[in-house]
Amino acid sequence: MKRILILIAVSASLTAVAQEGSGVIKTNPMGWFAGQYQFGYEHFLSEKASIQLMPGGIFGSVSLTSSTLDSTLAFESVTATRGGFIVIPEFRYYLGGEAPDGLYVSGFGRFRSVKTTLDNDASSSQTRSAIGAGFVLGYQYMLANGLTGEIFLGPQFKSTTTTSTGSYDDYGFAIEDDSDTGIRFGLTLGFGL
């Protein structure tokens, strides 16, 4: 009898947690068009605060074109294969309603590394890594049946480093290291747990 009462208590507590929800599994479909496939998880720390981790893979083929500015105006195009990863940890605070529904502010970090290898010269590649941080203002809303939608926008600051191997730079596709600011914009679709 005691075991049955314990099983009922455990089942009731698990049902309560499932009804309240502990997080949202989500993806950023805008990145799919750029060959960046991110899937992540937002975990609720309280009614107003959450943490999120959005890792992803970057892969696909690209066409690179270089030109000379001399009198010949020659253009050269080659195809290349790229592969890499991105990781974005984030802390959110909901200003209005309860997480995950309403207006929020968020601080995030960002690390991205992509290696581009020329298809016609596999020994020639370029690896570009960026590390940065920023903050966004966003709005996440609950759709039907536990689905969520979200839109966000804010500044980001990053520093990039680039290394090349083989004759990659000879093709005229070299990119310099830099530190700059940019805009982080996106939307996610998710499912609450």
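Hi everyone! What we have here is a predicted model, where local features need pLDDT of at least 70 and side-chain atom pairs count only at pLDDT 80 or more, while totals for chains, interfaces and linings use all residues. Residues are numbered from 1 along each chain as its sequence is written, and side-chain values use heavy atoms, with hydrogens and water left out.

Let's start with the fold. The protein chain has two helices and eight strands; these are DSSP runs numbered from the N terminus, with helices being H or I of at least four residues and strands E of at least two. Reading from the N terminus, the order is α-β-α-β-β-β-β-β-β-β.

How much of the chain is buried? Of its 193 residues, 35% are buried, meaning under 20% relative accessible area with a 1.4 Å probe, protein chains only.

Now, the cavity. Here a cavity is a set of points on a 1 Å grid over the protein atoms alone where a 1.4 Å probe fits but cannot get out, and lining residues have an atom within 4 Å of a point. The count is one cavity of 30 Å³ or more. The largest cavity has a volume of about 40 Å³, a volume being the space filled by probe spheres set on the points, which are joined across faces, edges and corners.

Which residues line the largest cavity? They are Phe108, Arg110, Ala130, Ile131, Gly132, Ala133, Gln156, Phe157 and Lys158. Strands S5 (102-118), S6 (125-142) and S7 (147-165) each give two or more residues to this lining, and S6 has the largest share, with four.

Definitions and conventions. Buried < 20%, exposed > 50% of the residue type's maximum accessible area, 1.4 Å probe, protein only. 1 Å grid on protein atoms, 1.4 Å probe; cavity = no way out; pocket = protein on both sides within 12 Å on 5 of 7 lines; lining within 4 Å.
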